[in-house]
Amino acid sequence: FWLRGRQPEKRVEFAEELGMWSVYGHPEIEQILRDPATFSSDTTRLVPEEMLKNADYEVTSAGNLLQLDPPLHNKMRKLVSRAFTPKVVADLEPRIAAITHELLDAVGTQGRLELVEDLAYPLPVIVIAELLGVPAGDRYLFKGWVDSMFESSEQISLVKNDEKQDEAIKKSMAGQKALLDYLGEHVDERRKQPREDLLTKLVEAELDGERLSRAEVVNFANILLLAGHITTTMLLGNTVLCLDTHPAWDERARADRTLVPAVIEESLRYLTPFAAVARTTTRETEVGGVTIPADRMLMAWIAAANRDERVFADPDRFDPLRDPNPHLAFGRGIHFCIGAPLARLEGRVATNILFDRYPALRTIPGEPPKFQVNPNMTGVRELPLTTA
Ligand code: HEM
């Protein structure tokens, strides 16, 4: 929506900065997300042949649910959806509460909290690591790799200087490779020695009577680990930030906890963590009255759609009582976020525990929050708070 700011009346345009089409409107994006035949999630379709021959390609794309189209997508999604049924997720509530308390117990009593480091980063990563069955204590390793992937990907999309671009790509790939190698070792272990965890379930899962390949399991785990924590970290930070900047809502939600889920939904709309999703056109098509040729890359800016005044009255106002609140923060259609119930649960549990433990939680004058540098991500990277 930083792009849309230039010409707010535009819903669809070719964005020179990105070298691809950008779509900002809510109905236009719904049309795209609900039509996977015309708008493929397989962005590798447009990657030149010679790049596909690169040895790393197979490793990074097989089994990547986010980039699969039907019919393979439906089959793969079925495999993992069993791990995220409403019952499985609801049963995690006591564990999420226990982890939240443990993390906050460790903070000390100096009247300060760095929300991201102390809670918003470790909580979702511990939850997803425990689900997968990789040691949650390794989260500092993941963080290093993931940070290098995302910080350098900002340069990849925006910096035109070739040398810097090359360096950024190398750094990003090195982070991704380290994470894939790490997961690969765990997958190999599970093949030899099954355990009671999601990684073992993926190793043993069958698709059309055949087990998934090693690369598929590794990439599947990679997507869960990545998608399962960065976005939720941002949701938790953003929710606290929204309450800090809207103290009347902070007071109201503290007094009436039934409002907490609505606060979280509005935070997802107002500061949408995952700002854009990518698609490629499989044929010439029309979106919002604009013709987009076949085989073009497009970014659907869900963060902009979540401020579309045709759907949300007074869209720049933070109002948890919006009803309905059809935000697109978790996407729509066949790729709708599989982890949405888990993210919502973590948000609700963490917010309630923060309310219980700290009668006040405020940003500190002179120590403003730091935001993510990647334009695809809306969220705080550091959020120092006073608890007094
Ligand atoms: C898909 C956002 C949390 C796993 C998506 C999509 C969005 C999204 C927008 C759709 C992408 C597309 O259409 O191309 C978010 C946000 C989260 C969150 C904002 C937190 C606030 C989680 C969690 C997990 C997860 C906790 C896992 C435990 C996934 C997976 C997909 C997905 C596997 C791919 C689904 C598919 O392609 O069928 N997420 N997500 N997400 N998300 Fe999330």
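1. Five bridges tie β7 to strand β10 (residues 297-301), and the two run antiparallel. Strands pair here if DSSP finds at least two bridges between them. Helices (H or I, at least four residues) and strands (E, at least two) are DSSP runs, numbered from the N terminus. Arg-279 has Leu-298 of β10 as its bridge partner.

2. A caution on the source. This is a predicted model: local features need pLDDT of at least 70, side-chain atom pairs count only at pLDDT 80 or more, and totals for chains, interfaces and linings use all residues. Residue numbers start from 1 along each chain as its sequence is written.

3. β1 meets strand β2 (residues 20-23) through four bridges, running antiparallel. Phe-14 has Trp-21 in β2 as its bridge partner. Ser-40 stands opposite Thr-280 in β7.

4. How enclosed is strand β7 (residues 276-281)? Five of its six residues are buried, so the rest of the structure largely encloses it. Buried means that 20 or more other C-beta atoms lie within 10 Å of the residue's own, with C-beta atoms placed from the backbone.

5. The largest nonpolar core has 89 residues. Such a core is a set of buried Ala, Val, Leu, Ile, Met, Phe, Trp, Tyr and Cys residues joined through C-beta atoms within 7 Å. Val-23, Leu-132, Ala-221, Ala-300, Trp-301 and Ile-302 touch the most other members. α12 gives the largest share, 14 residues.

6. Val-23 deserves a look. Beyond its neighbours within four places in sequence, its contacts include Arg-11, Val-12, Glu-28, Val-287, Leu-298, Ala-300 and Trp-301. Contact means C-beta atoms, placed from the backbone, within 7 Å.

7. Around the ligand there are 25 residues, and Gly-228, Thr-231, Gly-331, Cys-337 and Gly-339 come nearest. A residue is near if its C-beta atom, placed from the backbone, lies within 6 Å. α12 (214-245) and α16 (340-357) are the elements that give two or more residues to this shell. The largest share, seven residues, comes from α12.

8. By class, the shell has 17 nonpolar, seven polar and one charged residues. Ala, Val, Leu, Ile, Met, Phe, Trp, Tyr, Cys and Pro count as nonpolar, Asp, Glu, Lys and Arg as charged, and the others, Gly among them, as polar.

Technical notes:
A residue is buried if 20 or more other C-beta atoms lie within 10 Å of its own, exposed if 12 or fewer, and partly exposed in between; C-beta atoms are placed from the backbone. Two residues are in contact if their C-beta atoms, placed from the backbone, lie within 7 Å.
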